[in-house]
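User: I'd like to go through this one by asking what each label rests on. Could you set the values against the cut-offs as we go?

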Amino acid sequence: MALSIGQLLQKKSKTVLESWINIQLQDDGLKEELLSNQEIRKQSEEFLHSVISILKKEDSQNTESPEFEKAAEILTEISTSRAMQGYTPRETGVFVFGLKEAFLSVLEKEFKDSLVPYADSQKINKLIDALAILTFETFISSREEVILRQTSEISEISTPVIRVWDGILALPIIGTLDSARTQVVMENLLMKIVETESTIAILDISGVPAVDSLVAQHLIKTVSATRLMGAECIISGIRPEIAQTIVHLGIDLANINTKASLAHALRSAFMMLKLEVRKTVEKPKF
Amino acid sequence: MITLNKETIAIKREQDVVFFRNRVNEYAEKIKMGLVNKTKLLTAASELVRNMLIYAKEGKVICEIVTISALQTGIRLTFIDNGPGIADIDKAMTDGYTTGKSLGLGLPGAKRLVNIFDVKTVKGKGTTISITKWKNG
């Protein structure tokens with residue numbers, strides 16, 4: 001009796017593994033410095049066995065069988081770790097698609113003159129394709145996770161509140177002010193006002209790329225909240241082109257103390273606190 | 001008007017706004033638009049793309065570099081969404097009118113910031129807004 005495809009491949013699993021690893025190593029994109037030969041061998045061997053055990057079953061297309069889940073688990077792990085290490089999707093793709101090539105080339109030798117039965121090659125094709133789709137899904141979702149983590153990290157580090165003088169706080173805003181960001185900025189600022197008993201806060205918007213009506217609205221809200229706390233708010237860093245744009249947009253910032261630069265804002269803050277900065281004159285020595 | 005360069009950008013999340021604005025910035029730099037005009041265009045674009053996200057949840061923007069003569073080039077942005085549409089366009093174009101919680105300056109403000117402003121809206125079907133800003137003027 002002829003062996004089923006699963007049994008046949010099980011018998012030839014050594015040959016398949018060798019040819020599969022060769023295919024992986026031959027690909028130009030492989031980063032040898034990131035993944036050693038042994039590691040590839042280990043990952044490949046583990047995955048190969050789980051795939052063959054799927055093929056041995058009658059319902060190899062069933063994606064809910066325990067065998068398939070086992071293979072999916074191994075693949076997810078490999079794909080995630082590769083995404084984290086900065087592999088390109090191509091390199092991860094070669095890993096899965098190389099197996100198809102290895103299977104088919106082994107089968108071709110096995111069947112010698114006659115062609116590989118269509119049903120069998122179709123079976124392998126379908127299975128590997130299903131696994132490949134899974135690989136990309138996990139690959140991309142783990143990349144997105146990295147991006148999300150970075151986004152939250154950036155928004156956390158980019159809203160510092162600096163105490164520049166007794167009673168004067170400065171808050172440089174860099175990047176776009178969206179609702180979530182405004183919330184963080186406002187919270188930090190109000191907390192710091194209480195903490196340091198400051199009476200003047202300078203909001204520097206030189207690092208904000210575009211001031212549209214939403215950003216302006218957020219600024220106005222922050223200023224009103226600061227005033228409710230009994231502190232005065234100065235907005236600095238209004239560039240000429242932004243000033244023109246605000247006027248054309250029709251935003252009314254007349255009630256808000258605005259200055260062109262942080263230095264100007266600081267000077268006016270000193271004036272409000274009746275402080276003076278003077279150059280000391282050295283007395284001539286006789 | 002001749003179109004020289006065309007690109008479609010999908011807007012689905014708030015993060016897409018930053019990407020979109022950077023693309024428009026690149027286009028403006030490519031045709032050497034001045035700083036003030038560039039800022040005006042970017043601000044108008046920012047207003048409209050925010051409106052799109054708030055009221056229609058998602059949409060797309062077509063960015064084009066257009067020219068009418070050898071001397072005058074500009075950027076045309078077409079904002080297309082399948083949202084609820086604008087119920088009363090005349091009211092929406094007045095300063096301070098809003099159905100949401102904003103300042104109500106987005107649409108009239110954007111109109112003042114650009115050279116050509118064109119709205120087509122069908123209630124329940126969606127809105128298409130096209131703005132053009134010339135390099136000079």
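User: Where in chain A is the place of Ser19(A)?

Analyst: Ser19(A) sits in helix H2 (residues 13-26) of chain A. Helices here are DSSP runs of H or I with at least four residues, strands are E runs of at least two, and both are numbered from the N terminus. A word on the ground rules: this is a predicted model, where local features need pLDDT of at least 70 and side-chain atom pairs count only at pLDDT 80 or more, while totals for chains, interfaces and linings use all residues. Residues are numbered from 1 along each chain as its sequence is written, with chains lettered from A and ligands numbered from 1 in the order in which they are written.

User: What makes Ser19(A) count as buried?

Analyst: A residue is buried if 20 or more other C-beta atoms lie within 10 Å of its own, exposed if 12 or fewer, and partly exposed in between, with C-beta atoms placed from the backbone. Ser19(A) has 20 C-beta neighbours inside 10 Å, so it counts as buried. Across the 286 residues of chain A, 30% count as buried.

User: Which residues is Ser19(A) in contact with, leaving aside its neighbours within four places in sequence?

Analyst: Those are Ala102(A), Ser105(A) and Val106(A). Contact means that the C-beta atoms of two residues, placed from the backbone, lie within 7 Å. As for chain A overall, 77% of its contacts with a separation of 6 or more come from residues 24 or more positions apart. Chain A has 10 helices and 5 strands.

User: Why is H7(A) called roughly parallel to H8(A)?

Analyst: The axes of helix H7 (residues 179-196) and helix H8 (residues 213-228) of chain A cross at roughly 20° and come within 10 Å. That angle makes H7(A) roughly parallel to H8(A). The label covers angles under 35 degrees; over 145 is roughly antiparallel, 65 to 115 roughly perpendicular and the rest oblique. Axes are lines fitted to C-alpha atoms, for helices over the stretch in contact, and angles run from 0 to 180 degrees between N-to-C directions.

User: Which residues meet where H7(A) touches H8(A)?

Analyst: From H7(A) there are Thr182(A), Val185(A), Met186(A), Leu189(A), Leu190(A) and Ile193(A), and from H8(A) His218(A), Thr222(A), Ala225(A) and Thr226(A). The residues of this contact divide into 6 nonpolar, 4 polar and no charged. Nonpolar takes in Ala, Val, Leu, Ile, Met, Phe, Trp, Tyr, Cys and Pro, charged takes in Asp, Glu, Lys and Arg, and the others, Gly among them, are polar.

User: How do you know that S1(A) and S2(A) are joined?

Analyst: Two strands pair if DSSP finds at least two bridges between them. Here 3 bridges join strand S1 (residues 162-165) to strand S2 (residues 168-174) of chain A, running antiparallel. One bridge partner of Trp165(A) to look for in S2(A) is Ile168(A). The two strands form a hairpin with 2 residues between them, and Gly167(A) in the turn has a positive phi of about 85°.

User: What makes S1 and S4 of chain B edge strands?

Analyst: The 5 strands form an open antiparallel sheet in the order S1-S2-S3-S5-S4 (chain B). Strand S1 (2-11) and strand S4 (116-122) of chain B each have a single partner strand, so one side of each is left without a neighbour in the sheet. The twist averages 15° from one strand to the next. Inside that order, 8 bridges join strand S3 (residues 73-81) to strand S5 (residues 126-134) of chain B, and Leu77(B) has Ile131(B) as its bridge partner in S5(B).

User: How many residues of chain B are in contact with chain A?

Analyst: 21 residues of chain B are in contact with 18 residues of chain A. On the chain B side, H2(B) gives the largest share, 9 residues.
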